[in-house]
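This report walks through one protein model step by step, from its overall plan to single residues. Please keep the structure in view while reading.

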Amino acid sequence: MIAEARAFYCPPNVDYAVVFNEQPLGEIVRAHAQPSQVLRQLRARGWSHVLVNTMEMDRLRSSRYGFDPDVTAKLFFELESAGLVRAETFTLGGDPRPYVVLYRVP
C-alpha cells in the first residue's frame, strides 16, 4: 500500500509505506533500473497487488514532508508497459482523477 494513510486491518505480510516510513518500492526501483526487473522483484517479495493512493502521493510530494522521488506516476506507467496490470481505478465524487489505483502483479 503506497501513500495510503487510512487504518486498514491488513495481515502482517503487507508492505505498507507512507511518507513517514521507508518506501520499499523506491528501494526496489533504485536497485533495479529496468521495469521488468522491478516486476520480478515484486514477485520475488511475494507482492500480488499494489494499492496506490495517487492523490495522497501527489499531495505529499508538494508538502513539507515530500515523497519518495522515485515512486511517481511515470514509474507506474513504465511498470504497466512492462506488464503490471491496472485492476481497478477508484475516483472520489465527481473528480475524474484517480483517487486510488489497484494494480495486480502478474
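A residue is called buried when its relative accessible area is under 20%, exposed when that area is over 50%, and partly exposed in between. The model shown here is predicted, and this cut-off will be needed when single residues are discussed below.

## Overall plan

The protein is built from four helices and three strands, and, followed along the sequence, these elements come in the pattern α-α-β-α-α-β-β. The protein has 106 residues, of which 36% count as buried.

Among the contacts with a separation of 6 or more, residues 24 or more positions apart account for 52%.

## The sheet

In what order do the three strands lie in the sheet? The order is E1-E3-E2, in an open sheet whose pairing is antiparallel. E1 and strand E2 (85-92) are the edge strands, since each of them pairs on one side only. On average, and with direction ignored, neighbouring strands of this sheet are turned by 25 degrees against each other. As a general point, the strands of a sheet pair through backbone hydrogen bonds, either parallel or antiparallel.

The pairing can be followed residue by residue. E1 and E3 run antiparallel and are joined by four bridges; His-49 has Arg-104 of E3 as its bridge partner, while Val-52 stands opposite Val-101 in E3. E2 and E3 also run antiparallel, and six bridges join them. In E3, Val-101 is the bridge partner of Thr-89, and Leu-102 is the bridge partner of Glu-88. E2 and E3 form a hairpin with two residues between them, and Gly-93 in the turn has a positive phi of about 55 degrees.

## Val-85 in strand E2

Val-85 lies in strand E2. Its relative accessibility is 27%, so Val-85 counts as partly exposed. Leaving aside neighbours within four places in sequence, Val-85 is in contact with Leu-102, Tyr-103 and Arg-104. Val-85 and Val-105 stand 20 residues apart in sequence, and their C-alpha atoms are 6.4 Å apart in space.

## Helix H3 and Thr-54

Helix H3 packs on the sheet, where it touches E1 and E3, and its direction makes about 110 degrees with that of E3. The buried residues in H3 are Thr-54, Glu-56, Met-57 and Leu-60. Seen down the axis of H3, these buried residues fall within an arc of 165 degrees, so they line one face of the helix. An α-helix has 3.6 residues a turn, so residues three or four places apart point the same way. The buried residues of H3 pack against E1, H4 and E3.

Not counting residues up to four places away in sequence, Thr-54 touches Pro-98, Tyr-99, Val-100 and Val-101.

## The nonpolar core

How many residues does the largest nonpolar core have? This core has 20 residues, and those with the most contacts inside it are Leu-25, Leu-42, Val-50 and Phe-76. The elements that give two or more residues to the core are helix H1 (24-31), helix H2 (35-44), strand E1 (49-52), helix H3 (54-61), helix H4 (73-82) and strand E3 (95-104).

With its neighbours within four places in sequence left aside, Leu-42 is in contact with Leu-25, Ile-28, Trp-47, Val-50 and Val-105. Leu-25 and Val-50 are also listed, together with Leu-42 itself, among the residues with the most contacts inside the core.

Key. Residues numbered from 1 in each chain as written. Predicted model: local features only at pLDDT ≥ 70, side-chain atom pairs only at ≥ 80, totals over all residues. Heavy atoms only, no water. Core = buried A, V, L, I, M, F, W, Y, C linked by side-chain atoms within 4.5 Å. Buried < 20%, exposed > 50% of the residue type's maximum accessible area, 1.4 Å probe, protein only. Contact = heavy atoms within 4.5 Å. Pairing = 2+ DSSP bridges. Axes fitted to C-alpha atoms, helices over the stretch in contact; angles between N-to-C directions. Arc of directions from axis to C-beta.
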